[in-house]
Structures are given as C-alpha cells and as structure tokens.
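Thank you all for coming; I would like to take a few minutes to walk through one model with you. Please have a look at the sequence and the structure first, and then I will go through some of the details.

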Amino acid sequence: MVTFRRQYKVARPVYSEDSFAEHYERTYRQRKTTLDHIREYLTWDSKRTKNAVLSLLPIIGWLRIYKVKEWLLGDVVSGISTGLVAIMQGLAFSLLASLPPSYGLYTAFFPMLTYFFLGTSRHISVGSFPVLSLMVGAVVTRLVPLDETQANVTNIPGFEGLTLDQKRVLVASSMTFLVGIFQLAMGILQFGFIVVYLSDTLVSGFTTAAAVHILVSQLKFVLGLDVPGISGPLSIIYTLEKVFVQITSTNLCDLVMSIIIMVVVFIVKELNDRYKAKLPVPIPIEVIVTIIACGVSYGFNFNKIYNVDIVGEMVRGYEAPVAPNLEVLRESALEAFPTAIVGFAVAFSVAKVYSKKHDYIIDGNQELIAFGVSNIFGATFKSFAASTALSRTAVQESSGGKTQVAGLISAMMAMIVTLALGFLLEPLPRSVLGALVIVNLKGMLMQFREIPYLWRKDTPDCVVWVVTCLSACLLGLDLGLAVGLGVELLTVIFRTQFPRCCLLANIQGTNLYRDRKDYTHIFEPKGVKIFKIPSPLFFANIEFFKEKLREAVGFNPLKILKKRNKALRKVRNLAKKSNYDITENGLWDLISTNDECSKATEELDELSNVEVIPSRWNLPASISFPRVDLHSLILDFSTVSFVDISAVKGLKLVH
C-alpha cells in the first residue's frame, strides 16, 4: 500500500553574505566586560539569596509540594523494602572493601542523612555500590595486607596500637574522606559537566570489568578458601592462580550453600522482573535467604562443625567520629580521584533516568556537592565510599517511592539493625554474602551482549568498550578507567580528523539526497557531483578533505591542468611552425598573431580553468586533451559546525 506523504515547497531569494548585508542592517550588541561580570556576580539581593538557598537545599523544593495522603504510604513501603535490600547489600559489599561486614551498615545510614537534604534526585538509593567498594578495597589491601610483612604499614603514623581491622577501617574512611573532598571541590567549581566525557559505552565497559573483578574476589568466600587480597596490575590473574592452586581445599559446605542460594535468588529475581506489573512489591529474596541461612548456620553450628567462615561479632552501636589519616590521604590520592568520578558518574546516570521518567530536573553540580558532603560526613563515622546501586534504586522506585523520605526510612532500617538487631546476623556464613554479591552482578555481566551490537552500529564505540573492559580487567580499575578515557578521546579525534565523506545522489521520485552507496534507485545529474563532509573543517583534517574530494571527483585537477597546458602548447607550436589548419574557427581566433601566441603561452600556467577542446577540432593523434565530465561541484556543508583559518586557506586552494 502506497503511503502519501505531505509535501511542502520553500521559495526565497538567494543571497550571498555581501548581498544579505546590503539588504538587512545588522545590530551590534554591547558585550559585558570582565569587570561587569565580576560586579554582577558580587551583587546580592533577596531573589538571589532565595535561589541560592533553594539550590543548596533542594529538599525545600519538593517538601513544599509533598502530598502526604498520596505519597507517604508509598514512601514508607518503599523505604522498608529498600532498607532490607540495603542492609543485605551493605553487609555483602563491605567484603569487597575488605572490611568487617558491620561497616557496610554504616554506609547504608550516614551518607543518606546528608543526601536527604542536599540531593536533587528523589529516587536514587544512596549507599554502597560494588564498583566503589572494590576500588576502596584495592587501596585497603595495598596499604594493609593480611600478611603485614608484605608492606611496611608500621611506617604510617596513626597505625600504632591498632588491630588489623581497625587499620583497614581507618584506611577506608580516610580514602572516602578524600573522595568526598574531590567531589565537593568539583561541585563548588561547577565541574558537573565532567560526566559528559564518560560516555555510556565507556561506563558500560568499565562496570563490566568491575563485575569481573568482583566475581573473582568473591570466589574465595564461595569456595571457603584462604586467599589474600591482591591489588595492582594483573591482580585478577594472580588471584585466579592462587584460587586454582587451593581448589582442592574447597569447603564443600560453603560451595553447596552458595550454589543453592545463587540458584534460588536468580530464579526469584527473574520472576520479580517477569511479574513486576502484578507484584505490589518485589519479593525480598535476599532478606529471606539471609534469615534462613542465619538460622540454619546457628542451628547446625556450621562454624565449628564444618569450619565455615561466618560474619562473627557485629559492631553494636556507632563509634565516635574520627579524623582522616593524612598519610593515607597522600597514599590514596591517585585512586581516590577516579573513585570520585566513577561514583558521581554512576549516580548521576541512574538519577537522570528516573528524573526523565518522573519529569523533574536534577543538577549535576549540586549532585557533586551532595555526594561530596555525604562521603565526608560518612567517612567521619567510618563508612566507606557511597554512590547508588541500580538494583536498589529500582526497588525504591518500583515499590512506590516518590521522594527521599523513602531513602530516609531505609537508613532508619539500617540504624535499627546496627543498634539492636545486629547480633542476629553474627552466625551468617560469609559465603552467603559472596553468593548474594555474585547474583547481583547479573546485570553488569550481561553487558557483554553489547559487543556485537556496537560492532554492527558503531565500530569506534565498540573499540572503546573492549579496550576499557580489557584494560580495567588487567591493569586495575583506576588505570583501566584512564586508558578507556584516553581511547575515547582518541576516537573523537579520529572521527573529526578522518570523517566519513561521501557523494550524494538523488533518491528517485523525491528531492532528497543521500549517500549513493546506501541506495539502489538513485539519480545522479550528469556533470554534477555533490560532496558531503560530516565534520567540522579545521587544520587537522583539511588535507584529508582535499584528498577525499579528489577521489570523489575522479581526477586530480592539477594533473589535468598540466596535461591540458602541455597539449595547448603543442597546438600553438604546431600552428606557428606549419600554419597548420586546425579548423576554420579553431585556435586562429585566439592566436592570430605571434605576439598574442607568445603572451597566451606565458599565461597558460596561471589558468585555473581551461575549457574542453571541442571535438570538431581536427588534431593530430599525438595531441590529446584529457576530458573532464564535470561542470558543477557542490559541497554540502550542512553538518560542518565550524571552519578555521587553515581550512579557509585550504578551501581557496581547492577552488
């Protein structure tokens, strides 16, 4: 069936820049000086004060419109559901940070308290995130290894008299404090735009590599092996080597329990996804299996009978705030900055998804400030780096959460467990937490499926994904992120320096012009070439542009000109020497005298355009003029965003 399209016609005069300037007078704006901008910035009034307060405390904005009857119940239900998940993930992800599990509950509580007031997103669940936990754990393992003979940790001031766990907590909290400082500084300096340099492809490859690291790091818990934490380049290879060396010492109780839990949780999560429209609240399967595992472990005394490693003594209550260790800040500075960037990028990406879905605005700079303050505040009370987790945020939004009241309630849930119910989790096997971590990696590991799609749709993006993933796996997350960012910037340079130029042709039956290689039913007017470059023209690609243009027209104009000039000289010489009758109107009109002939010959090299010699001219076989079946060359610059001075000079040479 033929679909009739609407038609339109546009008619207007054709202008050049000069003719347009003649017809329409241009007004010149008076631009502000630097002093004007400074004066305006320093001028303060009540309106600006109000805007500043609303910007720094976004809670005022949504609290004024809070609909108690409509939203409160959903926020309470969502907060309870999210809190249960946050507690389990906090315990599990603390293992990634190489910390005692109870400190994961701190991360589920303290950062949320400040984000509640400062954050612009109403739906993200602030707390532990596996990638950040792993990045913190790499620093903890490097500065405080299990075998303290591997590093001279006694040289760090402030470590004297501390136990191994206390040293690790101090390292994690100090690094988190520095992460918060970086985020706060970037927010104050309005560096929220930095997230645009982390494309979705780069983040996908990076998080996939992080998932591989997390998977490998949890094998020792699932298998019940004693494998020391390893950090640095090729750490994943060395860890796998130690795992396989000890594989015969696998604790069967840990392995069987982990497999059962992973299968059960995976199946229930799939059912939650499939029937999420019918379920009022997702089934909290992590909480259910954790309670069952605690009961079974306590009842059958897994710790003593089967030598199962359990969570052990939980820290009850909250400890006094501590100051960061300055030496740890210096040692962890290189890892803290990429951790700050990754934490913000992930949180902002997730927040942006839900802000679009629920039609409200989020501010990247304010988000940096919110997470910076949250991490500084949390680090003071010994929590580790916080961001958000997509699975936990999905629970908060899908279970009816409308505002961060749900997040505050989830934080209260973590507080209750820390103050009163923590002892119930002491018999929980660590292999259960490892199994829960691995199951939650499904979403990140499934990102491997993006490779074929990216290869078909955008090869440079595919290269960014693969290189980022491989480098992050082999070199470590911090170096891998740097390598991925470098490759991404190189692809931008590659796209602009070597753009995909093409010749356009008319699609028959329309007035549309597309790349002639992409369509079959096309029409190309004889003697006309339409050349398109989908990139700005500047110093780095002007030579490439000229080369591609020569390939498109099918000849080198300089060579053609030289051949024509050479042939014309032969004709003139022939006419002078033998009075050769070329044609009745031939060249005699042009070189009727020797003086004119000499003058014309001298000017031949200056000519930029020589007409094709008419076919009626009766020339000897030794003289041939190259023909050019092109009378019009159209340059389609509709996608050229700017042209610099070097490109202007190059275009003059092309002309």
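**From a surface patch to the salt bridges**

Let me start with Tyr 197, which is found in the loop between helix 9 (164–188) and helix 10 (200–223), and let me say at once that what we are looking at is a predicted model. Tyr 197 is partly exposed, with a relative accessible area of 43%, and together with Ile 188, Leu 189, Phe 191, Phe 193, Val 196 and Leu 489 it makes a nonpolar surface patch of about 710 Å².

Next, helix 17, which runs over residues 364–380 and has 17 residues. Of the 17 residues, 14 are buried, so helix 17 is largely enclosed by the rest of the structure. At its start, a side-chain oxygen of Asp 363 comes to within 3.1 Å of the backbone nitrogen of Asn 365, while just after the helix Lys 382 adopts a positive phi of about 70°.

Now the cysteines: how many disulfides does a search of the whole structure find? The search returns 0. Cys 253 is in no disulfide, and the nearest cysteine sulfur, that of Cys 294, lies 14 Å away; Cys 253 itself counts as buried, at 18% relative accessibility. For Cys 473, which is also buried, with a relative accessible area of 12%, the closest cysteine sulfur is in Cys 469 at 4.3 Å, and that is too far for a bond, given that the cut-off for a disulfide is 2.5 Å.

That brings me to the salt bridges, of which the count is 16. Glu 327 pairs with Arg 330, the closest N and O atoms being 2.4 Å apart, and both lie in helix 15 (residues 326–331), 3 residues apart, or about one turn of the helix. Glu 327 is partly exposed at 23%, whereas Arg 330 counts as exposed at 55%. Both belong to a network of salt bridges that also links Arg 142, Glu 331 and Glu 335.

Finally, the side chains of Glu 397 and Lys 357 meet in a salt bridge with an N to O distance of 3.1 Å. Glu 397 lies in helix 18 (residues 390–398) and Lys 357 in helix 16 (residues 333–358), so this pair ties together parts that are 40 residues apart in sequence. Glu 397 is buried, at 13%, while Lys 357 counts as exposed, at 56%.

Conventions. Residues numbered from 1 in each chain as written. Predicted model: local features only at pLDDT ≥ 70, side-chain atom pairs only at ≥ 80, totals over all residues. Heavy atoms only, no water. Patch = residues over 30% accessible without salt bridge, like charges linked within 9 Å, V, L, I, M, F, W, Y side chains within 5 Å. Areas by Shrake-Rupley, 256 points an atom, 1.4 Å probe, with all protein chains shown as cover. Salt bridge = Lys/Arg side-chain N within 4 Å of Asp/Glu carboxyl O. Helix = DSSP H or I, 4+ residues; strand = E, 2+ residues; numbered from the N terminus. Buried < 20%, exposed > 50% of the residue type's maximum accessible area, 1.4 Å probe, protein only. Expected span 1.5 Å × (residues − 1). Polar contact = N/O pair within 3.5 Å; in protein donor to acceptor, adjacent residues only side chain to side chain.
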